[in-house]
Amino acid sequence: MAKLNMERVRIFAPKSQQSKLLKALQAMAAFDFSATDQNAPEGFYRESSNPEESRKLALKAENALKVINRVCPEKKSLLSAFSGRRQISLDEFFSAADKTDQIDEICETLLSFERKIAENKAETVRLNALCEQLSPWQELDVPLTFSQTEKTVSFIGSVLGTFTLEQFLTKLAQIQPSIQPFVQIIGLVSGQTLVFVTVSKGDAQDMEEALRMVGFSRPSVNCELPPKEKIEQLGLEIQSLKDEINETEEKIIDLAKHRRDIELVCDWHLSAAERKEILNKTDSSAHTVCLTGYIPAVDLSEVCEKLTENFTVYIEHEAVEGDEVPVKLKNNAFSEPAESVTSMYALPSAADIDPTPITSFFYYLFFGIMLSDAGYGLLMWIATWAINKFLNPEDSMRKNMKLFMYCGISTTLWGLFFGSFFGVDIITEIYKAITGSGLPFKYPFINPLNGDALAMLILSVALGLLQIFAGLFVKFYITAKQESFIDAVLDIGLWITTLAGFTVLALGLVTLPVLKTVGLIIAAVSMLLIAVTGGRKKKGLMKVIGGVANLYDITGYVSDLLSFSRLMALGLTTAAMSMVFNLLGVMVSGGLIGKVFMVAILLVGHAVNFGLNALGAYVHTLRLQYVELFSKFYEGGGRPFMPFAFKGRYIRIKEDK
């Protein structure tokens with residue numbers, strides 16, 4: 001239906017035009033090089049090209065941008081996430097080639113600034129750690145390296161335990177009673193006592209033994225100045241490093257004006273790397289290059305026309321099919337947003353049709369029933385339309401916004417059907433305000449919170465049955481086309497008539513009694529034929545009982561139908577939560593403060609309700625497509641069409657209009 005036919009194309013061109021030809025193909029974004037694994041033409045060989053140099057330059061530019069963004073982050077609005085990458089023309093993009101040398105130098109400068117800042121910060125950490133180590137020794141008025149004078153020897157260090165001067169002298173006296181040292185307690189740190197001990201040179205060895213017995217150890221840090229002076233000196237060095245960091249960051253801020261050019265050059269190098277990678281998939285002879293790939297048939301004439309206008313080329317092409325051929329989907333404006341739903345599951349294989357047109361209809365339909373509030377739908381509708389209209393998002397984001405815009409329209413219509421606008425029957429209220437009386441007809445048409453839950457369930461199952469029929473009819477079409485019409489009738493058609501018979505039977509229970517008989521006859525005859533013909537392709541006993549065993553599949557269809565009760569469940573959840581938040585708001589609405597609380601409750605409550613139930617609708621609608629619809633006819637497994645194109649991180653090329 002919407003799966004584009006592919007042509008396998010070979011483009012022959014002079015080798016001198018190779019570089020410009022690749023740039024042209026990259027700009028057109030219509031040529032998939034995945035066919036180059038095929039055999040090369042006779043006399044051609046495969047050259048090798050190294051894209052690493054271009055990738056390194058792109059990485060340098062990206063790292064330079066990180067430096068700028070760290071020091072001078074770009075101010076962005078809350079909506080910037082929807083706006084996508086910056087758009088420029090193709091000519092602007094190619095102009096990046098003239099700037100590469102200059103911008104590469106700027107990037108190198110930025111990276112050198114970053115290295116300088118990193119080194120200064122590391123040195124600052126080291127000096128601060130040194131200050132912390134020296135801090136407990138500030139009361140010491142000699143350097144930590146001080147050890148002796150002409151007649152004395154000094155010991156500077158720490159001992160285990162906390163001592164007062166008296167306690168420490170007593171301890172030393174107990175160990176060496178013959179020595180009378182000079183002792184200064186410098187401080188207490190982490191269960192240790194910092195000491196300065198001086199004795200005459202003759203007692204130095206004995207005192208060292210005594211100190212060792214009380215767990216003496218020398219400082220882990222040394223300095224040639226008294227600790228207090230050293231700390232002051234280190235403070236000046238730290239401040240100098242910080243000043244240098246600030247000066248360097250100012251230089252980075254000054255270079256931030258080149259941010260856009262750096263982004264452009266980064267993507268230029270990436271595109272150059274991609275072209276060099278493609279060269280590894282290009283066949284060459286002495287004077288000619290051969291490019292082999294896939295082009296969608298609808299784009300072939302335009303691509304050939306542009307190439308023949310600008311290059312000396314010879315083009316061969318042939319229609320191809322099969323699982324190795326890449327898949328590209330093309331749908332109308334209504335169905336196109338749902339291509340992402342199909343792609344998340346799997347692209348169609350060669351034997352599949354594109355399920356997107358059917359999926360899109362049921363996706364919008366079921367999402368609207370599950371969310372089922374006109375106020376929420378209107379908000380979603382307006383917000384997604386505005387994002388696409390004013391923020392110029394990426395193509396993928398634009399499709400997602402269109403998907404949710406259609407879901408919002410569906411939600412609005414179903415919300416009006418169920419009479420819920422932020423949980424309020426606004427149609428009835430407006431009519432009462434204008435006429436002073438109620439509506440002259442039953443409205444809401446279905447009110448699941450006011451006695452219509454069964455009607456809601458019947459509607460959900462009926463719509464589910466409609467989707468099951470759609471899946472079976474598609475399967476009928478595929479089987480008739482790929483196998484035989486007889487197989488389609490016996491394997492698929494009989495199940496369609498069986499389900500149709502039960503549907504007529506169900507209608508007979510609430511309308512004309514004669515429909516019960518008609519439906520029962522249709523269902524019974526269909527099931528009898530399934531039992532008789534279902535084992536026709538089997539052998540032996542299974543030929544007889546195979547068809548009877550096929551009747552067990554009816555339980556699968558019943559299970560599928562029950563799955564659609566989630567339409568009612570999520571619709572009820574949205575309505576119930578809306579009503580609860582409205583009641584809570586009314587309960588506290590007395591007085592000015594009460595009205596403030598009411599507004600807060602309504603805003604927060606409806607935001608939570610919208611968020612939770614929109615997420616639930618999204619997930620469960622996906623499930624209904626993947627499990628209940630795709631299981632009827634869809635296999636998937638196709639490989640996506642991956643055109644050779646500009647795939648920048650920061651830049652996207654404006655499409656020619």
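Let's start where two helices meet: Gln18, Leu22, Lys23 and Gln26 in H1 touch Trp268, Ser271, Glu274, Arg275, Ile278 and Leu279 in H9, with contact meaning heavy atoms within 4.5 Å. This is a predicted model, in which local features need pLDDT of at least 70 and side-chain atom pairs count only at pLDDT 80 or more, while totals for chains, interfaces and linings use all residues. Residues are numbered from 1 along each chain as its sequence is written, and side-chain values use heavy atoms, leaving out hydrogens and water.

The axes of H1 (residues 18–28) and H9 come within 11 Å and cross at roughly 115°. That makes H1 roughly perpendicular to H9, a label that covers angles of 65 to 115 degrees.

Now turn to helix H2, residues 52–71. Its 20 residues reach 29 Å from first C-alpha to last, close to the 28 Å expected at 1.5 Å a residue. Buried residues (under 20% relative accessible area, 1.4 Å probe, protein chains only) of H2 include Leu57, Ala61, Leu65 and Ile68. Among the elements covering the buried residues of H2 are helices H5 (100–134), H8 (227–255) and H9 (259–279).

Finally, look at the sheet. Five strands form an open, antiparallel sheet in the order E2-E7-E8-E1-E9. Strands E2 (45–46) and E9 (314–320) stand at the edges with a single partner strand each, so one side of each has no neighbour in the sheet. Strands E1 (residues 6–14) and E8 (residues 288–296) pair over nine bridges, where pairing requires at least two DSSP bridges. Within E8, Val289 is the bridge partner of Ala13. Helix H10 (residues 297–310) packs on the sheet, touching E1, E8 and E9.

Notes: Helices (H or I, at least four residues) and strands (E, at least two) are DSSP runs, numbered from the N terminus. The expected span of a helix is 1.5 Å times one less than its number of residues. Buried means under 20% relative accessible area, exposed over 50%, partly exposed in between (1.4 Å probe, protein chains only). Axes are lines fitted to C-alpha atoms, for helices over the stretch in contact, and angles run from 0 to 180 degrees between N-to-C directions. Angles under 35 degrees count as roughly parallel, over 145 as roughly antiparallel, 65 to 115 as roughly perpendicular and the rest as oblique.
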